[in-house]
Structures are given as structure tokens and as C-alpha cells.
Amino acid sequence: MRVVLVDAGGTNIGSVRYALQRLGTDAELTADPARIRSASHVILPGVGAAAPGMRRLREAGLVDVLRGLTQPVLGVCLGMQLLCEGSEEGDTECLGVVPGRVRRMPDSPGLRVPHMGWNTLQASAHHPLTEGLREGDTAYFVHSYAVPVGDYTLVASRHGEAFSAAVGAGNFMGMQFHPERSAAVGALLLRNFLSL
Amino acid sequence: MLSRRIIPCLDVRDGQVVKGVRFRDHVVVGEIVELALRYRDEGADELVFYDITASPEGRRVDRDWVERVAREIDIPFCVAGGIRSVEDAREVLHAGADKISINSPALERPELVSEIAEAFGVQCVVVGVDSLRDDDGEWRVRQYTGDPSRTKALRRRTLDWIADVQALGAGEIVLNCMGTDGVRRGYDIEQLRAAREITRVPLVASGGAGTPAHFADVFRDADVDAALAASVFHSGDIAIPALKRELRAQGIEVRV
């Protein structure tokens, strides 16, 4: 197993890397297409906004590299949103390997955006990524944009309306929450990804 | 359902966790990573580290302990103190902090809030507001509260400042009510309610927790998203598991 973290400037790269280390896996941080293509598992972390996130991938020449991967790929937070077709945030075209368009979460009185904190996960499909997830398990979210619920939704959560907490389309998977900051539940889901 | 968060606050001075009463007279309470792990184990939802000497002394957060914490803990944490530029923020975020909180430097130069929000997204920009009621009844902002000899009372009204920083891109507000801080008689519900009225982003209550009932009160009566406390946790007077059981028994959604 050789896990790589795609270095596209996301600020949570360090935390994701440490989370993998706690699971006994040393991930390589790289933007080198050859290193990414030859990895057994690819993780695309990301924090920030969609447009600068895609710009960094383009500048690093990684857009087609990522689109062409066939091994398990995991996008985390913004990384998951970048896997989708596009984002309302800055009207950005994304990688398009997971169906769906990212939308701004509606705020209303009593419903704060960013959606920040621990929220309940609801597995909506049987998938090896969510093996062992139990009713009532929670994960830590920090985001203002979300992927609507669709056929690709593996786990749903709710903030006002339901949204995709985790998605999967073939070898491409994503987690909107931060597994690296979601205590035992996050560790379980990361371990599941590494065992794919 | 989104849980209400319980956030132990660790004031950091010279690499150790300290606590004072009404922001003064600090004593050492423990080592940073050790306390961080203890709170993680007890079920803290998030941690905040304030480097209380960084801002008044005009120096940055020491990056080493941020990285040590990031390696060890698996819950989110926020770092505050002496972050004056996008570069400072980048350094702390890259060391592994999930959020950065700015206070005095935002008062010096409010555009800092939008610069950091544009660079890293609003979700990692917390603005800390230190507030005290003046003799005329208005809540106003204080600056450089980490060092009593340098603390400044500003003309700026607390509620105006909260509205301003939200417009600039703050993703969360921590309201430190200095009048109730450290004396354990409960959060400043009146002030927090007034802040809640105008705050669309998450609002964190700080200053005054003494009993589990105070937490229940502030969640129920001021509708804050999170409650922050230090001394009651450091002293062991309130244990987080018992606190959460009590909150849950009162119908308040918490992570257990």
C-alpha cells in the first residue's frame, strides 16, 4: 500500500497526514503526476473555496491526472466538492468524477452557516467505506457549501435540509466532514478507505 | 441534528496552559498536549488555545506546539494569539490548526478578517471579541486583554463590531464577556442574547461558567452554538461527561 496526499495547497493536509499516521500509515505529500498515478490510494484534502482549489489543481497540471485515476480516491471537505461536476461557489467547474453540483447551504433564523460542529451521520447505502458506522454516530463538519442528496450519496446528514455527508461513484469517494477531526468515527472511516 | 458544542479553552503562556481571574493573575495549570488529550478523552467537542501573550508582545504564536497538538488529537482545535497577516494564518493552519481566531489584530486592521477569509475560506476565521459594559450601559470592545497593563478600552460598541466582522467574513464569533469571566456566576445571558440577535454565523459564549446549569441556561436562553469555559474544567469542578449527561437530560442536543 502506498498512500499519497495530493498537495494542492489545502490547509488541512497536515491534519489528514497526522490522522493517517495515527492509523500506522505514512502518506506521501506530492503534486507529482507519476507519484499520484502509481499510488494505491489517493487522498485529496482541501479547505477553502472551490475556485482557488481548482485553480491550484490546474496550475499543478493535476486535473486530468486526477480524472484518470482508477485506484481508490478520497476527497475530504473541499476535496470532496472538487470531485463533483461543479460548484455554485464562484461558479466553478470541478473535476466531474462524481455527479452533482455543489450548492450554498441556505441560512435562515436558527440555522447558521457555516454549518459548524458535530452532526449525525445517516448511512443511506451499503458500501465498504461506511462499514461499521452505527446509528447516531457523529462527525465534525465545517462548511458553507454542500452536495445535494442523490444516487451517489453514501451518507446523509441534515442542516435544515438533507445533504451528502459522504459520496461514492466507482473509485471516487468523498467526505464532507473532516474524518481527521472526527475522533473514533473518523478513524473508522479512514481505516475503511485504506482497506479498499 | 447538529450538537451544541462544549469547548475547553486553554490559555497558553510561554508554552504552558495558564488561567487567571478576570483576565489577570495567571497561574500555570498544566502542559499543553497533556491537557488537550485529557479533554479529548473526556468528550470535549473542540479546543481553543489562546496564546495570551502573543498579541500584546507583538509576536506570533509559536508553531511547534500547534503541530504537536495536531499530531496527537483527533478533534478540531482553534488557535488564537498574534495572528496579524495571511502569512501568520497560513503558518498556523498548515501546522494543523483547523481554525484561527483573531482579536486585537482585527481591531488594529479590520481588513485582516476578509483577507484571511478570502485566502482560506470563512469557515476557518473566528473573531474573538472581548467585551465589557461601560458605566453608560453600553457594551464596548477591549483590546490587548492578555496583558492587563496594556489592555485598552475602545469606543467601538460590541454589537457594531460583531456586525462589522460578520460582513467582513468572520465564520464564527466568540464573545468573551469580561464582566462575568472567571467568577463562575454564569454566562452573560443578556449580552449573548443581544449578540445572537444580530449573528447569523455560529456564536460561542465565553466567560462565567460555574455550574452545569449555567451551560444549560446559555444554550436555552441565548441560543448559542457553543459554550467555552476554562477554570471549571481545569480544576475538575465540572467533568465533561457528567455535564453532557445533564444537558442531554434537559433535552439539549450534545455529542456523547
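This is a predicted model: local features need pLDDT of at least 70, side-chain atom pairs count only at pLDDT 80 or more; totals for chains, interfaces and linings use all residues.

Q: Let's start with sheets. What is the strand order in the open sheet of 8 strands in chain A?
A: The order is β2-β1-β3-β4-β14-β13-β12-β9 of chain A, and the pairing is mixed. β2 (28-30) and β9 of chain A are the edge strands, each with a single partner, so one side of each has no neighbour in the sheet.

Q: And how do β4 and β14 of chain A pair, parallel or antiparallel?
A: Strand β4 (residues 73-76) and strand β14 (residues 172-175) of chain A are parallel partners, joined over 4 bridges. To find a spot to look at, take L74(A): its bridge partner in β14(A) is M173(A).

Q: Which strands of chain A does α1(A) lie across?
A: α1(A) lies across β1 (3-6), β2, β3 (41-44) and β4 of chain A. Its direction is at about 165° to β1(A).

Q: What about the open sheet of 4 strands, what's its order?
A: That one, also in chain A, reads β6-β5-β7-β11, with mixed pairing. Its edges are β6 (92-93) and β11 (145-146) of chain A; each has a single partner strand, so one side of each is left without a neighbour in the sheet.

Q: How many bridges link β7 and β11 of chain A?
A: There are 2 bridges, and strand β7 (residues 101-104) of chain A runs antiparallel to β11(A). Here R103(A) sits opposite A146(A) in β11(A).

Q: Switching to helices. At what angle do α3 and α5 of chain B cross?
A: Helix α3 (residues 86-94) and helix α5 (residues 111-120) of chain B cross at roughly 45°, with axes that come within 9 Å. The two are therefore oblique to each other. Their crossing is right-handed.

Q: Which residues meet there?
A: From α3(B) there are V86(B), A89(B) and L93(B), and they meet E115(B), I116(B), A119(B) and F120(B) from α5(B). By type, the contact has 6 nonpolar residues, no polar ones and 1 charged.

Q: Now α7 and α8 of chain B: what is their crossing angle?
A: Helix α7 (residues 189-198) of chain B and α8(B) cross at roughly 35°, and their axes come within 9 Å. This crossing is right-handed. On the α7(B) side you'll find I189(B), L192(B), R193(B) and R196(B), which meet D217(B), V218(B), D221(B) and A222(B) in α8(B). The residues of this contact divide into 4 nonpolar, no polar and 4 charged.

Q: How many residues of chain A are in contact with chain B?
A: 29 residues of chain A are in contact with 27 residues of chain B. On the chain A side, the elements giving two or more residues are α1 (13-22), β8, β10 (138-143) and α6. β8(A) gives the most, with 6 residues. The chain A side divides into 11 nonpolar, 13 polar and 5 charged residues.

Q: Time for single residues. Is L121(A) buried or exposed?
A: L121(A) is buried, because 26 other C-beta atoms are within 10 Å, and 20 or more is the cut-off for that label. L121(A) is in the loop between β8 and β9 (122-123) of chain A.

Terms used
Residues are numbered from 1 along each chain as its sequence is written. Chains are lettered from A and ligands numbered from 1 in the order in which they are written. Axes are lines fitted to C-alpha atoms, for helices over the stretch in contact, and angles run from 0 to 180 degrees between N-to-C directions. Angles under 35 degrees count as roughly parallel, over 145 as roughly antiparallel, 65 to 115 as roughly perpendicular and the rest as oblique. A crossing is left-handed if the near helix is turned anticlockwise from the far one by less than a right angle, and right-handed if clockwise. Two residues are in contact if their C-beta atoms, placed from the backbone, lie within 7 Å. Ala, Val, Leu, Ile, Met, Phe, Trp, Tyr, Cys and Pro count as nonpolar, Asp, Glu, Lys and Arg as charged, and the others, Gly among them, as polar. Two strands pair if DSSP finds at least two bridges between them. A residue is buried if 20 or more other C-beta atoms lie within 10 Å of its own, exposed if 12 or fewer, and partly exposed in between; C-beta atoms are placed from the backbone.
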